[in-house]
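Me: Hi! Could you walk me through some ring contacts in this protein?
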Amino acid sequence: TLRMLLPALLVLLFCFRGRAGTSPHFLQQPEDLVVLLGEEAQLPCALGAYWGLVQWTKDGLALGGERDLPGWSRYWISGNAASGHHDLHIRPVELEDEASYECQATQAGLRSRPAQLHILVPPEAPQVLGGPSVSLVAGVPANLTCRSHGDARPTPELLWFRDGVQLDGTTFYQTMLKEGTTGSTESTLSFMPSRRDDGATLVCRAQSQALPVGRDTAITLSLQYPPEVTLSAEPQTVQEGETVTFLCQATAQPPVTGYRWAKGGSPVLGARAPMLEVLADASFLTEPVSCEVSNAVGSANRSTALDVLFGPILQAKPEPVSVDVGGDASFSCAWRGNPPPRVTWTRRGGSQVLGSGPTLRLPSVGPEDAGDYVCRAEPGLSGLGGGAAEARLTVNVPPVVTALHSAPAFLSGPARLQCLVFASPAPEAVVWSWDEGFLAAGSQGRFLVETFPAPEGRGGQSPGLISVLHISGTQESDFSRGFNCSARNRLGEGGTRVSLGRRDLLPTVRIVAGVAAAATTLLMVITGVALCCWRYGKASGSFSEPKNMVRIPGSSDGSSSRGHEEEETGSGEDQGPIVHTDHSDLVLDEEGALETKDPTNGYYKVRGVSPPTSPDSRVTSLQPKSPGIFNLP
């Protein structure tokens with residue numbers, strides 16, 4: 001039943017209110033308001049169906065019910081009270097007016113919502129530290145500080161501008177004086193000044209909601225910078241030996257205080273002016289000339305290299321090359337010149353061009369490629385420079401052994417055999433060998449080996465070696481057998497056969513034969529004379545004694561066994577005397593002279609026998625060694 005009565009009660013209440021009239025209410029309530037300091041603030045308030053007392057409160061404090069608000073000289077209430085308008089005015093607005101305001105209908109018990117009054121304080125013109133002209137050094141990082149003082153509300157923003165363009169790279173700081181208030185604000189601009197910034201104008205602007213256009217403070221930059229240098233050479237391209245003039249120009253703030261010149265990093269002594277004259281040479285191509293200019297801020301330098309024309313200069317000689325036979329060989333040499341020289345390769349003693357450029361390559365070299373190779377550069381345009389450099393190619397091959405001429409030797413005398421060895425690399429040893437032995441160095445019995453460098457080597461090979469085999473007291477076998485001279489290196493072995501020639505005693509034999517013939521002739525003469533004398537004596541009977549017989553011992557018929565009687569009676573007169581000559585009685589002494597043996601075995605003393613030199617030659621004397629034997633005239 002209660003649920004059914006509730007709608008009826010609501011209808012009755014509505015009807016009752018309609019008969020009683022409309023209750024007081026707000027037609028307009030105040031809103032939050034922002035006002036510049038010194039301007040006028042107006043907070044609206046309008047009531048309907050209310051004709052009673054209306055008052056304003058500030059932070060809860062009642063300002064009063066009168067329209068002119070006594071005690072508040074800058075405050076008043078405006079509007080038609082009969083129509084319910086009760087607007088609060090404040091002029092000029094001060095900082096103390098910033099508060100929360102309410103409009104109240106006290107008799108109706110109505111209160112408006114609070115309205116916050118905000119006071120805006122425009123910023124003052126900022127201050128740039130060091131202004132209005134700030135001195136900076138080009139190339140040195142700089143910090144410009146802009147500071148804003150006062151009670152600006154809200155806190156202003158500090159911005160930097162150059163030529164109307166806002167600059168980046170700023171840092172913002174705030175300094176708090178007390179709680180809720182700002183003492184000052186700062187903005188720092190960091191940048192790297194350059195010479196182009198000299199005389200530039202920078203603007204620091206403080207702007208906020210209170211002053212959107214902001215307030216500006218301008219400064220002028222005064223830049224100090226080290227010298228900016230330009231260096232020129234006249235002429236830039238020059239022949240070696242010609243004069244070149246260098247000119248060093250600079251702008252600087254503060255002014256230039258000095259000049260210094262250098263070439264290739266080494267100071268040019270005595271050069272202190274902005275101009276330098278030199279004689280150009282090849283070194284200027286790689287050793288630039290530099291000019292250093294100084295002032296109170298710093299220094300700067302510039303350098304330039306000349307285009308110097310010069311003839312070829314040898315920078316790197318070719319190096320000797322050693323290659324095994326069949327391998328590839330290459331030589332390199334470096335010539336420097338401007339313009340670059342033409343480099344050719346030839347073989348020493350030849351005119352054929354084997355290649356051009358800094359490198360010569362020889363594939364699959366053989367022994368015939370060994371030799372000296374020449375790297376040549378032609379003189380430059382000036383006719384100066386140029387030349388040649390050479391290097392040797394050694395082709396490594398097995399040893400090549402050659403027999404050298406050896407003099408013939410006498411039997412039982414000394415002998416000397418020689419061989420010549422060329423090898424690259426050098427042989428490990430040179431060995432002489434024969435039937436019963438071998439020898440590489442030192443002595444062994446009758447044999448001695450010596451090895452020494454040859455006076456000259458083959459082109460492109462290591463110096464040769466001469467190995468000598470000495471033989472003392474030669475034997476018959478030495479002349480019939482061969483001697484081997486051999487050598488070995490890491491590439492192989494080589495050798496040759498050397499024979500010993502024999503020296504005959506032919507001239508001596510001829511002398512001995514001549515002497516023997518002379519002796520034979522002499523004996524025949526003696527025999528003839530003796531025979532004649534014997535026949536003469538027999539005929540005259542004057543030769544009856546045995547002492548008239550001439551006896552020549554050494555005959556080959558064995559007549560020595562005959563008796564004395566046979567000799568005295570002359571029973572053998574038909575046979576005549578028998579004379580023999582034996583050339584073996586002639587021997588050769590060490591000096592090569594001929595010595596004659598006594599054919600009578602001492603029966604006669606033969607003083608001297610020599611071959612006849614003329615038809616008148618004769619035996620000088622024969623002396624008997626015992627009585628009964630006569631000297632023949």
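Me: What sits over the ring of Phe-161?
Reply: The charged end of Arg-205 does, 4.4 Å from the ring's centre. A charge counts as over a ring if NZ of Lys or CZ of Arg is within 6 Å of the ring centre and within 35 degrees of the ring normal. This is a predicted model: local features need pLDDT of at least 70, side-chain atom pairs count only at pLDDT 80 or more, and totals for chains, interfaces and linings use all residues. Residues are numbered from 1 along each chain as its sequence is written, and side-chain values use heavy atoms, leaving out hydrogens and water.

Me: And which residue lies over the face of Phe-479?
Reply: That's Arg-502, at 5.4 Å from the ring centre.

Me: New topic: how many aromatic pairs are there?
Reply: The structure has 7. Rings of Phe, Tyr and Trp (its six-membered ring) pair if their centres lie within 6.5 Å; planes under 30 degrees apart are stacked, over 60 edge-to-face, and the rest tilted. One of the pairs is Phe-331 with Trp-345, which is tilted, with 6.3 Å centre to centre and 35° between the planes.

Me: Why does that pair tie together separate parts?
Reply: Phe-331 lies in strand β30 (residues 329–332) and Trp-345 in strand β32 (residues 343–347), so the pair joins parts 14 residues apart in sequence. Strands here are DSSP runs (E, at least two residues), numbered from the N terminus.

Me: Are those two buried or exposed?
Reply: Both Phe-331 and Trp-345 are buried, meaning under 20% relative accessible area, with exposed over 50% and partly exposed in between (1.4 Å probe, protein chains only).

Me: Which residues form a cluster?
Reply: Phe-331, Trp-345 and Tyr-373 form one aromatic cluster.

Key: Helices (H or I, at least four residues) and strands (E, at least two) are DSSP runs, numbered from the N terminus.
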